[in-house]
Amino acid sequence: DAMEYAAYVHDVEHIILDNMQFMISRDVKKMSSSFDKFDMQDIAIEKFRKFATDYNVHVTLVVHPRKEDEGAKLGISSFYGSAKATQEADTVLILQSDGKRKFVDVKKNRFDGTLGHVPLYFERKSGRYTEDAPAQAPPKTVVPNGVGVKTFNGVGHQKGRAVASSNYGDIRGQHPL
């Protein structure tokens, strides 16, 4: 009812449902076998698909993966439940992690068939992931203790720029700071 109201009254075009496993009843007394919960999942997916078609709304359904080996790359068969979730979907996106970085893997695309992945970068300032790599800050020059510093305002120098007055070389490449 809430989705119909949002689509009809507010012209909502995209609905995100997170997550399907919690939307399906887990009342053990009503289920005679584990197949019943998969049947319930299939029925729910059929209803979401019909709703999306009838109301011309994009429905994004979050389905968590089944337990996989640590570090294993996820695929279409990694989704919890029956295969209906990925069969009915127009697009299947998987949030992947290889231990060093995260990326979105496009595993299915009915619109134009393009598959591949998009790297994700975490921005500490906003607390969000983005597809754009963070801008690299220019390296900072560290002046060791005990080294005198002179300020030059002459031609070719920035006003107030500090320059070491000894013969110390650039050590950035030698020390992991």
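Which residue is the bridge partner of Asp105 in strand 5? The views below of this predicted model include the answer.

View 1. Four strands make up an open sheet, ordered 3-4-5-6, with antiparallel pairing. Strand 3 and strand 6 (128–130) are the edge strands; each has a single partner strand, so one side of each lacks a neighbour in the sheet. On average, neighbouring strands of this sheet are turned by 30° against each other, direction ignored.

**View 2. Strand 3 against strand 4.** Strand 3 (residues 91–97) pairs with strand 4 (residues 102–109) through 7 bridges in the antiparallel sense. Val92 lies opposite Lys108 of strand 4. Ile94 has Asp105 of strand 4 as its bridge partner. The hairpin of these strands has 4 residues between them, and Gly99 adopts a positive phi near 95°.

**View 3. Strand 4 against strand 5.** Strand 4 and strand 5 (residues 116–123) run antiparallel, joined by 5 bridges. Here is the answer: Asp105 has His117 as its bridge partner in strand 5. Asp105 is also the strand 4 bridge partner of Ile94. In the hairpin of strand 4 and strand 5, 6 residues lie between the strands. Gly113 takes a positive phi near 80° in this hairpin.

**View 4. Confidence along the chain.** The mean pLDDT of the protein chain is 75, and 68% of the residues score at least 70. Helix 1 (residues 2–9) has the highest confidence, at 93. Strand 8 (residues 161–164) has the lowest, at a mean of 43. Residues 151–177 have pLDDT below 50; this stretch has 28 contacts in the model beyond near neighbours in sequence. Where pLDDT is low, predicted coordinates should not be read in detail.

Key. Residues numbered from 1 in each chain as written. Predicted model: local features only at pLDDT ≥ 70, side-chain atom pairs only at ≥ 80, totals over all residues. Heavy atoms only, no water. Pairing = 2+ DSSP bridges. Helix = DSSP H or I, 4+ residues; strand = E, 2+ residues; numbered from the N terminus. pLDDT = per-residue confidence, 0-100. Contact = heavy atoms within 4.5 Å. Axes fitted to C-alpha atoms, helices over the stretch in contact; angles between N-to-C directions.
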